[in-house]
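Welcome! Please take a look at the sequence and the 3D view, and keep both open while you read.

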Amino acid sequence: MTMDTDWQVIQTAAAGLAPQGPMDPIQFFRVRRIDSTILVDLAGLRLDTEKAGLANLGQLPDWAAAAIPQQYHWVNDHASSIHPSVCALHCGRTLYWTGQVIKGGIGVTRPAQLRGGFEFTTVAAFPHDLAKTTPKEKPRWMP
């Protein structure tokens with residue numbers, strides 16, 4: 001039997017994100033766990049382009065802590081083509097944007113927005129309170 005949390009929304013106001021305007025919604029990313037695989041969807045996160053270099057994106061929940069605590073992942077940061085940024089997991093739970101591929105090298109200019117996500121493995125306990133349940137069969141009407 002597959003254990004699945006479905007997509008969980010994680011709100012974030014981390015230091016590397018674009019400042020929130022008075023009418024802007026709180027930024028978020030999504031996390032899903034299927035057995036021991038964690039899927040992270042960063043699509044839509046707006047980064048603070050006034051600064052360069054490392055950008056903190058937020059924290060993963062305990063149940064999504066990475067089995068390998070320090071990892072790097074490729075993430076798309078362009079709306080109409082594949083343009084890679086590098087994101088990292090630090091201590092298994094903290095998400096960072098670390099760099100962008102520019103003409104074959106790594107640049108530190110932050111993109112305006114991220115468009116993709118990545119996956120990794122966890123050994124943390126499964127959050128049974130978030131387990132997606134399948135709808136039960138409706139009882140049939142009997143005369």
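Here is a short tour of some strands and ring contacts. Keep in mind that this is a predicted model.

**The open sheet**

- Let's begin with an open sheet of 4 strands, which follow the order β1-β2-β3-β9 with antiparallel pairing.
- Why is one side of β1 and of β9 left without a neighbour in the sheet? Both β1 (8–11) and β9 (117–121) stand at the edges and have a single partner strand each, so one side of each has no neighbour there.
- On average, neighbouring strands of this sheet are turned by 25° against each other, direction ignored.
- Strand β3 (residues 37–41) runs antiparallel to β9, and 5 bridges join the two.
- To find your way along this pairing, look for Leu39, which stands opposite Glu119 in β9.

**Strands β5 and β6**

- Strand β5 (residues 71–76) pairs with strand β6 (residues 84–90) in the antiparallel sense, over 6 bridges.
- Gln71 has Leu89 in β6 as its bridge partner.
- Which side chains of β5 are buried? Those of Gln71, His73 and Val75 are, and they point to one face of the strand.

**Contacts with aromatic rings**

- Where does Arg30 lie? You will find Arg30 over the face of Trp7, at 4.2 Å from the ring centre.
- A search for aromatic pairs through the whole structure finds 1.
- In general, the distance of the centres and the angle of the planes describe a pair of aromatic rings.

How values were computed: Residues numbered from 1 in each chain as written. Predicted model: local features only at pLDDT ≥ 70, side-chain atom pairs only at ≥ 80, totals over all residues. Heavy atoms only, no water. Buried < 20%, exposed > 50% of the residue type's maximum accessible area, 1.4 Å probe, protein only. Pairing = 2+ DSSP bridges. Axes fitted to C-alpha atoms, helices over the stretch in contact; angles between N-to-C directions. Phe/Tyr/Trp six-rings, centres within 6.5 Å; stacked < 30°, edge-to-face > 60°. Lys NZ or Arg CZ within 6 Å of the ring centre and 35° of its normal.
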